[in-house]
Amino acid sequence: MLHWGVPLFAPLAVAVEIREDGRDSPRRVFRLSRNVAESGLLLERPAPFEIDQPVTAAFTLPGITATESLCLRARIALTDADGDGGAGGAELVFLDPPRDARHAIIAYVAGRLGLPGGEREK
């Protein structure tokens with residue numbers, strides 16, 4: 001099992017459904033992802049939710065079927081390093097993802113980056 005000290009991001013351009021948590025009729029939006037890491041997703045455009053708001057993100061990694069899509073709890077975060085909000089809430093930080101989801105993401109990232117243990121080595 002691979003694990004890196006610093007999250008490694010790999011390109012991933014898939015549709016992501018983002019739903020509000022904790023409401024009777026949650027608002028949902030769709031965004032295109034840009035990158036994925038064990039720690040979260042970067043989106044092409046910010047999601048229209050408050051920073052730090054908990055959401056659920058549903059997406060599929062290439063190579064797995066739609067019935068195996070990932071549905072992970074996350075929080076909306078700023079993407080810019082200085083935190084001034086210039087990039088809006090275009091980052092989804094995963095909150096305690098299940099082990100199989102983490103393994104699938106790690107294998108995908110390792111495969112895309114050509115690292116040992118990646119999905120392309122199988």
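Q: Which residue in β7 is the bridge partner of R75?
A: In this predicted model, R75 has V93 as its bridge partner in β7. Residues are numbered from 1 along each chain as its sequence is written, and side-chain values use heavy atoms, with hydrogens and water left out. Local features need pLDDT of at least 70 and side-chain atom pairs count only at pLDDT 80 or more, while totals for chains, interfaces and linings use all residues.

Q: What makes β6 and β7 paired strands?
A: Two strands pair if DSSP finds at least two bridges between them. Four bridges join β6 to β7, so the two strands pair; they run antiparallel. Strands (E, at least two residues) and helices (H or I, at least four) are DSSP runs numbered from the N terminus.

Q: How do you know that β4 pairs with β7?
A: Three bridges join β4 to β7, and at least two are needed, so they pair. These strands run antiparallel, and L41 has L92 as its bridge partner in β7.

Q: What covers the two faces of β7, buried or exposed residues?
A: E91 and V93 on one side are buried, as are L92 and F94 on the other. Buried means under 20% relative accessible area, exposed means over 50%, and partly exposed is in between (1.4 Å probe, protein chains only).

Q: Why is the pair of F59 and F94 called stacked?
A: Rings of Phe, Tyr and Trp (its six-membered ring) pair if their centres lie within 6.5 Å; planes under 30 degrees apart count as stacked, over 60 as edge-to-face and the rest as tilted. A search of the whole structure finds one aromatic pair. F59 and F94 are 6.2 Å apart centre to centre, with 5° between the planes, so they are paired and stacked. F59 is in strand β5 (residues 54–59) and F94 in strand β7 (residues 91–94), 35 residues apart.

Q: How do you know whether F59 and F94 are buried or exposed?
A: F59 has a relative accessible area of 2% and F94 has 8%. Both values are under 20%, so both residues are buried.

Q: What makes a group of residues a nonpolar core, and how many residues has the largest one?
A: A nonpolar core is a set of buried Ala, Val, Leu, Ile, Met, Phe, Trp, Tyr and Cys residues joined through side-chain atoms within 4.5 Å. The largest has 26 residues, and F59, L92 and I105 are among those with the most contacts inside it. β7 and α1 (99–113) are among the elements that each supply at least two residues.

Q: Why is the link between D21 and R73 called a salt bridge?
A: A salt bridge is a side-chain nitrogen of Lys or Arg within 4 Å of a carboxyl oxygen of Asp or Glu. The N to O distance for D21 and R73 is 2.1 Å, so the pair qualifies. D21 lies in the loop between β2 and β3 and R73 in strand β6, so the pair ties together parts that are 52 residues apart in sequence. Salt bridges that share partners also join E17, R19 and R28 into one network.

Q: Why do E20 and R27 count as a salt bridge?
A: Their N to O distance is 3.9 Å, which is within 4 Å, so the pair counts. E20 is buried at 8%, whereas R27 is partly exposed at 36%. The total is six salt bridges.
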